[in-house]
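Please read the points with the model open beside you.

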Amino acid sequence: MKNYLFLLIAFFSSGLIQHLYATHIRAGEITAELVSCQGYTYRITITGYEDTESGIEFGEGVLDMGDGNVFILDPNTDFVTRTIIDGDKQIRVTVFEKVYTFPGAGGYTITYREQNRNQYILNMANSVETPFFIQTQVNADPFFCNTTPVLTNPPVDGAVVGQTFTHNPGAYDKDGDSLAFKMVVPLQDKGLVVDDYTYPDEYDRDRGDNTNPIRQDGSQPVFLEIDAETGTVTWDAPANPGEYNISFIIEEWRKIEGEWVFLGYVTRDMQIIVEDADNERPEIADLPDTCIVAGSLVEWAVPANDPDGDQMYFTAFGEAFDFQSSPATFSPDAMTPVNSPAEGLLRWQTSCAQVRTAPYQMNIKVNDLPSSGPTLADYMDFNVTIVGPAPILNTISQQEDVIGLQWNAYACANQAVGLSLYRKKGESSFTPDVCQTGIPDGLGFEKIAEMGAGLMAYRDTNDGEAFEPGVTYCYRLLATYPDGSESLASEEFCTTIPTNASFLTKVSVLSTSTTDGRIEINWSRSLNPDALPENFNFTLLRGTGFTSTPDGELEVIASGLTDTLFVDEELNTEDEVYHYQVVITDTEDQALEYSAKASSARLSAQAERGSVSLNWQAEVPWSNQTNDYPYHYIYRTVGEAPELAEMELLDSVLVTNIGFTFIDDDLPETESTDVQICYVIQTQGRYSLELPLPTPLLNFSQRICVSPLDSIPPCPPTALLIDNGGIDACTSFLEGQSCDFSGYENRLEWQVPQNECAADLAGYNIYFSADGEADYQKIASLVQDNFYVDGPLSSYAGCYRIAAVDLSGNESEWSEPFCRDNCPNFALPNVFTPNGDGVNETFEALGEPLCPRFVERVQLWVYNRWGKQVFNYDSEENQQRESNLVSYWDGTTESGARVSAGVYYYHAEVTFKVLDPDRASRKYKGWVQVAYEEVIGR
């Protein structure tokens, strides 16, 4: 607060304000801090900036909580501080705090209105008679546990004619939510903007005495804008002296299950006071965004200078400077002027408690101290992300069918929520930089375990399956944090399963065809022949897919082999991927040793406008991402090349950095729209062991062809089915589910014509409409199967359409729509006891097993025995109480009086979320007994 006030002292003691004819209010905002995540109590802060010459104290306005309750701020009952700024004593900062509990979960718009704004604000009509109005929206919900953004830089600032003006509110969010900023027109009441408002840059162009404004560099047009991400306001440049007000909102967003959720906003109404003076603003150097490992001590030098040679002072603000423990610090502080040029020092001893996904915005401001005229400022902001340190693996061991791992106690075990262990076959060369947390997709790692952050060991049993002989298994460990952020990955620890078996070294596609494809398979002889009989043979097994066949059995394709090379023929290499295993057998064909399995490399391609995207994969016991052989090679030809030798080497891919992907955006020119461009990938790899095996291991994928200029779409899917079973089946299923169940699923199945339409299919796009009338939105792209499961969903209702996509990116017409409807349910009791014992307190929908299902709106009217209405409720329109679809009446009248015990009659109209309009609304009539003692039956 000391630094905050010093900013205003320096500004207003600079001689800018000589004499202002004003009522009182210049600027302000409302913020709200949640007291506990277990309730709905907030500490509401109303901050106002007024002119003390008016003789009026800020705080005589109306505070509306957005739930029907309205208050007049009272310094005798509400906590209040009033701070008069030194100098001319014309500015006072007033801070009111009011602790308030909202009635329940929901969104509430808190507003404050007071008469009046200060006089002579140029960009609005008759400001002296214009009310001051600010508003803030909070989402009071324990699920979100949300506090509004905090603003640390005061909203009254000075500018000079012809000089670029900048201001940053110093906003941060204690919950780590993302903030977004946008300019809005100031208000004078709910939904009512101030009269005849123009933005300051528009005022300069259209109304001011200087109507030919220019930017500081002499260019045009002038502009006023706010950076949507940082909140920095820039006005380049003011042309007319005077007072101007602007307003902007700070929205907060949170990513929940991959979707951005809007939580609320704070409105800041601020004032800019422009003077015609001979002063240039200071300049501060920028710092780049960066990442820091928690627990590190970091220091940044921040240079600044003033073109006029005036003294300066630094101010640092942002969440990192407000921490009670391990805060960032800046020196010299805002109370210490320094000579220009100067260098400030930003220092931060970080801690594990500060790890999170969202970065911390650091805002550094430098002000000058001119001998006359206003003080001017320059801002610098940059983001610092605090990442969790990498766990430290220290031991890997192997015993029979168990691989054991041990690691040091995790440095941030008290803050992390758990550890995750990942495994892959073969080594990787992944070395993360300090900003690369987690494990990137495409490296082949699979998460095999999640465990407590305090554990220091794990035994990998491979779910009871034997580890593959000769395969090197590599592990990495990382930590996770409460907000979902992941730490840096540990170093890689590997172990190789010992074996006397052969090592597969090649599974390479020689030709691509649906019937005459060929694959070459190579393998080594045993590296430990002394462990085997003097005479032994090889049996070669084959299966479809990367690692397993549908029935789990491999086919014997050759036996009694003595050579270590075999060419498998008459294969459908165009559509299928194959994997192989070598078995060492004795002369009686008894199996002695099994090799690890290895698949062929499978290439996929997707044509786009002006480019072709390639992706490939293979399941092999060696590593195809090694620093020794980091490149894979792309071969291409125009038209189908009968032999691989006729294809040209197009490019190479550094797979250790970007994985198994390549975009060909330099396509050859062709005259025909149906000409095909064909590709083959050659992979490189090696076994992790230092063994007498060939290196590198080179393998070709199948050939794949696309037509980037092809404009003929495939045929649409037909016979769209959905796993429904009718409304009765739907109802039967839900009878076993809780009232808050929301894990609904829709399973779609479809067919495609088995003709030329299916010749070059790349996949299917799935589209959805909530009601079958609104626009369909794509919910899935390039689905490879002919079925799709949509879920979990909040309801069944909706319509689907499917489109086929070919390798050239052409999409078919949509299938006919198929829709599924909900099975709504609703029932009311005939007694409730609002006696304060916490049981059966409200008239509400019956729970399990007669749960309210798929209810959108409830309207209720309650009458006494003489037919007089005593209560009504509308979940959609009633703003005086919490909108609730389950609980409706607490046994009081509309005036709040408690009703007497007895029988009351009700009429209810319930709207359901269904597609069928005949089932969308239903009326319920009946009676309910209000009892203040327990009543048997319900």
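1. Is Cys739 buried, partly exposed or exposed? Cys739 counts as partly exposed, at 30% relative accessibility. On this scale buried means under 20% relative accessible area, exposed means over 50%, and partly exposed lies in between (1.4 Å probe, protein chains only).

2. Some ground rules. This is a predicted model; local features need pLDDT of at least 70, side-chain atom pairs count only at pLDDT 80 or more, and totals for chains, interfaces and linings use all residues. Residues are numbered from 1 along each chain as its sequence is written, and side-chain values use heavy atoms, with hydrogens and water left out.

3. Back to the Cys739 and Cys851 link. The sulfur atoms are 2.1 Å apart. A disulfide here is a pair of cysteine sulfur atoms within 2.5 Å, and the count comes to seven. The torsion about the S-S bond of Cys739 and Cys851 is about -75 degrees, so this disulfide is left-handed. The pair links distant parts of the chain, 112 residues apart. Cys739 is in the loop between helix H4 (726-734) and strand S52 (744-751). Cys851 is in the loop between strand S59 (843-844) and strand S60 (855-863). Helices (H or I, at least four residues) and strands (E, at least two) are DSSP runs, numbered from the N terminus.

4. Cys291 and Cys435 form another of the disulfides, S to S 1.9 Å. The torsion is about 110 degrees, so the link of Cys291 and Cys435 is right-handed. Cys291 lies in strand S21 (residues 290-293) and Cys435 in the loop between strand S30 (418-425) and strand S31 (446-451), so the bond ties together parts that are 144 residues apart in sequence. Cys291 is buried at 11%. Cys435 is partly exposed at 44%.

5. Cys678 and Cys705 also form a disulfide, with sulfur atoms 2.0 Å apart. The S-S torsion is 105 degrees, and the link of Cys678 and Cys705 is right-handed. Cys678 sits in strand S48 (residues 677-685) and Cys705 in strand S50 (residues 704-706), 27 residues apart. Both cysteines, Cys678 and Cys705, are buried.

6. Now the charged pairs. There are 29 salt bridges, each a side-chain nitrogen of Lys or Arg within 4 Å of a carboxyl oxygen of Asp or Glu. One of them joins Glu33 to Arg43, with the closest N and O atoms 3.6 Å apart. Glu33 lies in strand S1 (residues 25-34) and Arg43 in strand S2 (residues 41-51), so the bridge ties together parts ten residues apart in sequence. Glu33 is partly exposed at 31%, and Arg43 is partly exposed at 30%. Glu33, Arg43 and Lys174 are linked in a network of salt bridges.

7. Which parts of the chain does the pair of Glu319 and Arg356 link? The closest N and O atoms of this salt bridge are 3.1 Å apart. Glu319 is in the loop between strand S23 (311-317) and strand S24 (328-331), while Arg356 is in the loop between strand S25 (342-349) and strand S26 (360-369), 37 residues apart. Glu319 is buried at 7%. Arg356 is buried at 12%.

8. Arg476 and Glu492 form a salt bridge with closest N and O atoms 3.1 Å apart. Arg476 is in strand S33 (residues 472-480), and Glu492 is in the loop between S33 and strand S34 (493-496), 16 residues apart. Both Arg476 and Glu492 are buried.

9. Look next at Ser127, in the loop between strand S7 (106-114) and strand S8 (132-140). Ser127 is buried at 4%. A polar atom of the Ser127 side chain lies 3.1 Å from the backbone nitrogen of Ile121. Neighbours within four places in sequence aside, Ser127 is in contact (heavy atoms within 4.5 Å) with Arg117, Asn118, Gln119, Tyr120 and Ile121.

10. Last, Asp771, in the loop between strand S53 (761-769) and strand S54 (777-783). Asp771 is partly exposed at 39%. Not counting residues up to four places away in sequence, Asp771 touches Cys799 and Leu915. The C-alpha atoms of Asp771 and Gly545 are separated by 39 Å, and these residues are 226 apart along the chain.

Methods
A polar contact is a pair of N or O atoms within 3.5 Å; within protein, one must be able to donate a hydrogen and the other to accept it, and residues adjacent in sequence count only if both atoms are side-chain atoms.
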